[in-house]
Amino acid sequence: MKLIIFESVPSGFLDLLPNELFKVLPGPSLIRFQGEEDAPLFLATLLHGNEPTGIQAIQKLIKKYQSEGKSLPRRLDVFVGNVEAAKSNERRFSDQPDFNRVWNGGSLPEHNLAREVKAFVKKSGTFASVDIHNTSGKNPHYSCVNRLEAPFVNLAHLFSQTLVYFTRPKEVLSNAMSEFCPSITIESGQPGDAYGVQHVYEFLEKCLHLKQVPPNWNGKEDLYVYHTIARILVPPDSRIGFDEDSRDKDFCFISDIDQQNFSELPANSLIGWRYNPAMKLSVIDEEDKEVEARFIEYQDTEIRLKRAVVPSMFSTNTRIVHQDCLGYLMERFVFDPPPS
Ligand SMILES: [Zn+2]
């Protein structure tokens, strides 16, 4: 798998739907757009094939400048990831690794591809990096950073007042690009929401007009920072559902579990039912340790939280739960920026 680089926009690219991009992009591709400022803004999109908002916002942005006959204020490098899975509107195919978990070394073809993209971003003197995603469950729009440094937080704040700081999994693109420039991930709500496309488009416009990413701490009173402490996984061979009555399943979770994302859940909150006592959920902390006993309590068939947490990215899509996780557990982070 070799990175394909387009020095100009492939014909038809701007008008294709995400599931049609394979017609002009033979695989993972990097498309370069000219602009006035030299140091490029790097964007990644469709690392997950079923998350179309990024590509839609980028198409809208480029078309706007084209229709006005203007050049972009800054060069733009766009990496389009899992074109193949996008064709079937899948996060990834089962024989593929997750394209947002291949950025910290490895021996698969996708790891080599990631190495090529990293080398490219480094060599290009990249200005900033933004990886654009959707969430499968209901979540507010939010930004993620892997470093609590002023330029990263300032870039993140341009997209949302809600910020998630995490260090695991460390194989994500935003963490890899943190070595070279301010780097964030943005989560722009569920796929297919027109507001998500508009919001990302407006954010990208702001990024393109920045002369520099603000380097100092200032005015962060309205920022809500959460820190990921663990993620909940289901056993790979388990049968799961989202209704109390599905007793033929190993685990069932409350059907509106994604409605709880980013709200404070007190200790003893019910999150679901276990109908197969031979199986256990797995809860993995930021040091990759199993910490299930600290977070989960089984009371008869009920699954309850042992302590207060703020959930995020909880999904009611059983396929995503198996491919990734049920969701993340966070806590509010007391964020006290140092004086500038
Ligand atoms: Zn994603």
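How many Å separate the centres of domain 1 and domain 2, taken over C-alpha atoms? The centres lie 29 Å apart. The legends below describe views of a predicted model.

**View 1. The two domains and their contact.** The domain assignment places residues 4-222 in domain 1 and residues 228-332 in domain 2. To the contact, domain 1 contributes 13 residues and domain 2 contributes 16 residues. On the side of domain 1 that touches domain 2, three residues are nonpolar, six are polar and four are charged.

**View 2. The whole protein.** The protein holds eight helices and 17 strands. Its radius of gyration is 20 Å, close to the 20 Å given by the globule rule for 340 residues, so the protein is as compact as a globular protein of that length. The C-alpha trace spans about 65 × 50 × 35 Å along the principal axes. Of the 340 residues, 43% are buried. Among contacts between residues at least 6 apart in sequence, 74% join residues at least 24 apart.

**View 3. Strand β10 and I240.** Strand β10 covers residues 240-241 and includes I240.

**View 4. The surroundings of I240.** Leaving aside residues up to four places away in sequence, I240 touches V234, K249, D250, F251, C252, T318 and V321. For one of these contacts, the one with D250, the separation is 10 residues in sequence and 5.9 Å in space, C-alpha to C-alpha.

Conventions: Residues are numbered from 1 along each chain as its sequence is written. This is a predicted model: local features need pLDDT of at least 70, side-chain atom pairs count only at pLDDT 80 or more; totals for chains, interfaces and linings use all residues. Helices (H or I, at least four residues) and strands (E, at least two) are DSSP runs, numbered from the N terminus. The radius of gyration is taken over C-alpha atoms; the globule rule is 2.2 Å times the number of residues to the power 0.38. A residue is buried if 20 or more other C-beta atoms lie within 10 Å of its own, exposed if 12 or fewer, and partly exposed in between; C-beta atoms are placed from the backbone. Two residues are in contact if their C-beta atoms, placed from the backbone, lie within 7 Å. Domain bounds come from an automatic or database domain assignment. Ala, Val, Leu, Ile, Met, Phe, Trp, Tyr, Cys and Pro count as nonpolar, Asp, Glu, Lys and Arg as charged, and the others, Gly among them, as polar.
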